[in-house]
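Please keep the sequence and the model in view while reading.

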Amino acid sequence: MAALINVPSKAKRGDIIEIRTLTSHIMETGFRHTADGKLVPRDIITSFACRYNGTEIFRADLFPAIAANPYLSFFTVAKDSGKFEFEWIGDNGYSTTASASITVE
Amino acid sequence: MISWRAIAVATLFTAAPALLAGEIPPDARRSGYTFMGPDTRAMQDDDTTNPGMLFVLDGEALWAKKTGSASRACADCHGDARSSMKGVAARYPSFDKSLGRPVALDQRINLCRADHQQAAPLPYESRDLLALSAFVAHQSRGIPITAGDDPQAKPFVAQGRALFMQREGQLNLACTNCHDDNFDKRLAGAPITQGQPTGYPLYRLEWQTLGSLARRLRSCMTGVRAQAYDYGSPELVALELYLMSRARGLAMETPAVRP
Amino acid sequence: MPTTRRQFLGLAGGVTVAGTIPIVTLRPIEATPAMLNTAIRNVVGEAQIRNGRVKLDIPPLVENGNTVPMTVSVASPMTADDHVKSIHVFNEKNPQPNIGNFYFGPSSGRAQVSTRIRLADTQKVVAIAHLSDDTFWQVAADVVVTLAACTEETN
């Protein structure tokens, strides 16, 4: 399933750039019941991290109060050309990654 | 001449008052978008924040993926959807000559799977069917709706219109009672829209996922405490067709975002 | 004397208690302010929490509590010596008090995060920032959640 990553492809050194991520996940809270009264088990993304050329620049712990298909926007200083790596980890062994590259002039 | 026309109009009103009551003239038609708050509008406006785009991306991957015993992808016949599917969703539901009835876009995708890919049909509201529908309909974004223009579709538009006007359920309400007669007012804090289906399949914040027009109609029927028509039933397709013809001229928005 | 709604509810409640034994076990399904307080103390410990510096952008009236856009930002130079280490967001009435923890550093450039959250009801949202000098700053916002008129019971 898809993830939408939005990183500027080019930036000037020292610019503060915005990074947006949107990923497919139901974020089942673990507080809902089926019509016959059974608890629907929790199935959420619990953590997100973004690394810029190997160094972590942003991290988040997510809880059931984060809406389905989690959206996150955050910032970083454009330092060098290279790669952003994104990682989402969650319940039931959920793990997914994505990456985006940037040219810094 | 003028007096003749006045008499003709007067006759029409007296002869068929129920038929004309409350119907929204073309220049007063408004997308559900215009009833939303600025935050929900912003979510739809930007493709990098519109959660419906996740499904469009999935649909794009499915479009190019070989499937069924024919091992054929949508793209093998239709090529680049950006050109081949442009404007298609604005004409759906569309009359199918061999079946002799209109079919909705998701039904057309399943017919294509059966006839050309020899693949099993995708269940209604399944992620893959919604994703393919969203990807195809997204190619029509900005294009004015013309569904129902086909003369062969007219009897089915009329059937859908009759269903729209018919009171049903324990609350004894017809679609028209809210969506023609009372739009712009509020029901339990939420604005009543005109019910123009411009952005399906769309991402509904309440659903927290993408859903079809059929799903939306079924939840409206549940709302008035009526027995909802089954997915794929001729009644639902006729209602969809009438709603699309009623939205004639409004631009497609898929994937729209709604509260 | 006409029966008022309040009297009627009181009467109905009395009848229920007297006439039947409820078989549904009541359990807290909303985070109480005490749980909110505990969740906050789990993050800040015994430190003093000051008001200010944090900005919480959230619509005061939301169209659907399932997906509420929210942006938290902190006025900070974001240098090695003076930056925001983390932002923690809490709610008052969801089944659980935590919403999210967001971690930053000097390379963030700007201490700001946007996401979309779930609010089960009209309630207070609290954002707390942890700065590099180990001070804590907070802001709270009240959000009114309107409920959809027609909701699906089942699919």
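How many residues of chain A are in contact with residues of chain B?

1. Eleven residues of chain A are in contact with nine residues of chain B (in contact: C-beta atoms, placed from the backbone, within 7 Å). This is a predicted model, in which local features need pLDDT of at least 70 and side-chain atom pairs count only at pLDDT 80 or more, while totals for chains, interfaces and linings use all residues. Residues are numbered from 1 along each chain as its sequence is written, and chains are lettered from A, and ligands numbered from 1, in the order in which they are written.

2. On the side of chain A that touches chain B, strands E1 (3-6) and E3 (16-23) of chain A each supply at least two residues (strands, E, at least two residues, and helices, H or I, at least four, are DSSP runs numbered from the N terminus).

3. Among the buried residues of H9(B) are B:Phe156 and B:Arg161 (buried: 20 or more other C-beta atoms, placed from the backbone, within 10 Å of its own). Their cover includes strand E2 (101-103) and helix H12 (234-246) of chain B.

4. In H12(B), eleven of the 13 residues are buried, including B:Leu236 and B:Tyr242. The cover of these buried residues includes E2, H9 and helix H11 (213-223) of chain B.

Technical notes. Contact = placed C-beta atoms within 7 Å. Buried ≥ 20, exposed ≤ 12 C-beta atoms within 10 Å, placed from the backbone.
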